[in-house]
Amino acid sequence: MKNLKILVIMFLGIFLIACEEDELEIVDPVPVTPPDTYAFERDGASTVSFSGQTARLEMAAELGTSLNTPNKTAAELSAMFNEGTGFENNSLSASGKKLGNKTASSSQASSTVKPLFDAMITDVTTNVFPNVANDASAGTPGTYTDPGGRTVIINGKGHEVNQLFVKGLMGALVCDQIIWGYLSAGKLDGGTNKADNDAGTLVDGKTYTQMEHYWDEGFGYLYGLDADLTTAKVEAPTSGSDVLVSKYMNKVDGSSLPGISQEIYDAFKHGRAAIVAGAYDIRDEQAEIVSTKLSHIIGRKAADYLSSGADKIDAGKWADAHHALSEGWGFILSLQFTKNADTGMPYYSNSEVNSMLTQIDDFWTVAPADLRSMAASIEEKFGF
């Protein structure tokens with residue numbers, strides 16, 4: 001009888017192990033194979049749509065030019081930024097889209113960052129534009145020209161305001177909306193999005209589910225001006241229209257971060273395909289890749305422009321220095337909208353960014369050694 005009990009126990013153990021193995025096989029995830037290009041269809045119709053993001057990227061380009069146009073008023077610039085009106089391109093003014101309400105709207109720093117952009121509009125129209133006929137110097141706004149070189153219009157601290165503004169939008173608009181907005185699990189899975197996506201329930205009158213559309217809108221903040229979505233490199237339709245992150249993705253792809261364009265493009269494709277397949281773990285893995293790589297672009301360029309500014313000061317090329325440091329200032333502002341995959345938090349907090357901006361606030365007096373030290377610290381933080 002004792003031996004019989006032992007045999008029964010052994011049989012049951014083997015049976016349970018076999019059952020467990022069967023259960024593991026049942027829950028194995030289905031592989032997700034992304035398409036060759038970012039193209040997704042349902043019943044023969046495209047399910048990809050990001051026209052609102054295209055409009056906002058075009059708005060950013062025109063606003064950046066207007067912030068360096070001395071006949072513009074504060075009211076005009078504010079209307080462009082906050083109301084989405086007053087653009088030379090009438091279709092933008094009629095689009096119903098705005099930049100201001102999307103600036104720093106998804107991250108934890110929203111309450112302190114958006115007012116900085118409004119303050120830049122006040123600064124450039126109150127202090128810079130009325131003084132463009134003056135020769136700029138420390139404490140005096142106006143125009144500064146390097147002999148035989150660049151000309152900049154700057155405030156008393158040497159800030160080229162349009163560069164601060166546009167480079168600040170790299171993080172406060174593009175990274176904020178992609179990383180902390182549209183590609184976040186909270187956004188993608190909000191409400192009944194997951195159940196609707198599983199059931200194939202489409203947005204009323206559209207060809208896509210809400211989750212598919214959110215992912216595409218994130219994609220649009222990077223590729224919204226791309227004339228050819230079949231390649232990883234963003235090709236803007238007209239010169240000067242591409243002023244935000246995609247422009248700098250192309251730059252670092254060809255130099256300091258080779259292959260990053262393809263990595264981001266592939267992750268966007270793979271994540272979108274995972275949504276179609278209902279493979280949400282894979283979707284989130286791809287979102288993490290996009291977030292990490294976009295963050296690396298911001299960190300890389302912040303360090304680059306600080307180092308470049310230091311070199312220009314040493315060379316006595318002050319217009320070039322003001323330009324480089326203004327770009328660096330905007331990229332530093334953008335650091336708080338990055339994401340560190342190891343911590344799930346930005347590489348730099350709002351308070352850390354504010355401290356860095358304070359350290360370099362006066363471009364006329366900042367020491368090149370301090371600029372290089374800050375650049376090296378950023379490189380170390382990002383692991384470059």
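Modeller: On a 1 Å grid over the protein atoms alone, a cavity is a set of points where a 1.4 Å probe fits but cannot get out, and lining residues have an atom within 4 Å of a point. Grid points are joined across faces, edges and corners, and a volume is the space filled by probe spheres set on the points. The model is predicted: local features need pLDDT of at least 70, side-chain atom pairs count only at pLDDT 80 or more, and totals for chains, interfaces and linings use all residues. Residues are numbered from 1 along each chain as its sequence is written, and side-chain values use heavy atoms, with hydrogens and water left out.

Biologist: How much space lies in the largest cavity?

Modeller: The count comes to 1 cavity of 30 Å³ or more. The volume of the largest cavity is about 40 Å³.

Biologist: Which elements give two or more residues to the lining of the largest cavity?

Modeller: The lining includes Tyr221, Leu222, Val245 and Ser246. Helices are DSSP runs (H or I, at least four residues), numbered from the N terminus. Two or more lining residues come from each of α9 (210-223) and α10 (245-253).

Biologist: Are α6 and α9 roughly parallel or roughly antiparallel?

Modeller: Helix α6 (residues 161-182) packs on α9 at about 160°, with the axes 9 Å apart. Axes are lines fitted to C-alpha atoms over the stretch in contact, and angles run from 0 to 180 degrees between N-to-C directions. Angles over 145 degrees count as roughly antiparallel. The relation of α6 to α9 is therefore roughly antiparallel.

Biologist: Which residues of α9 make the contact with α6?

Modeller: Contact means heavy atoms within 4.5 Å. From α6 come Leu173, Val174, Gln177, Ile178 and Tyr182. Their partners in α9 are Tyr214, Glu217, Gly218, Tyr221 and Leu222.

Biologist: Which residues in α3 does α2 meet?

Modeller: The axes of α2 (residues 51-66) and α3 (residues 74-83) come within 11 Å and cross at roughly 165°. That makes the two helices roughly antiparallel. Glu62, Leu63 and Ser66 in α2 meet Leu77, Met80 and Phe81.

Biologist: How many charged residues has the contact of α12 with α13?

Modeller: Helix α12 (residues 280-314) and helix α13 (residues 318-334) pack at about 155°, with axes 8 Å apart. Among the residues in contact are Lys301 and Lys312 of α12, and Asp320 and Glu327 of α13. Asp, Glu, Lys and Arg count as charged; Ala, Val, Leu, Ile, Met, Phe, Trp, Tyr, Cys and Pro as nonpolar; and the others, Gly among them, as polar. The contact has 11 nonpolar and 4 polar residues, and the charged ones number 4.

How values were computed
1 Å grid on protein atoms, 1.4 Å probe; cavity = no way out; pocket = protein on both sides within 12 Å on 5 of 7 lines; lining within 4 Å. Parallel < 35°, antiparallel > 145°, perpendicular 65-115°, else oblique.
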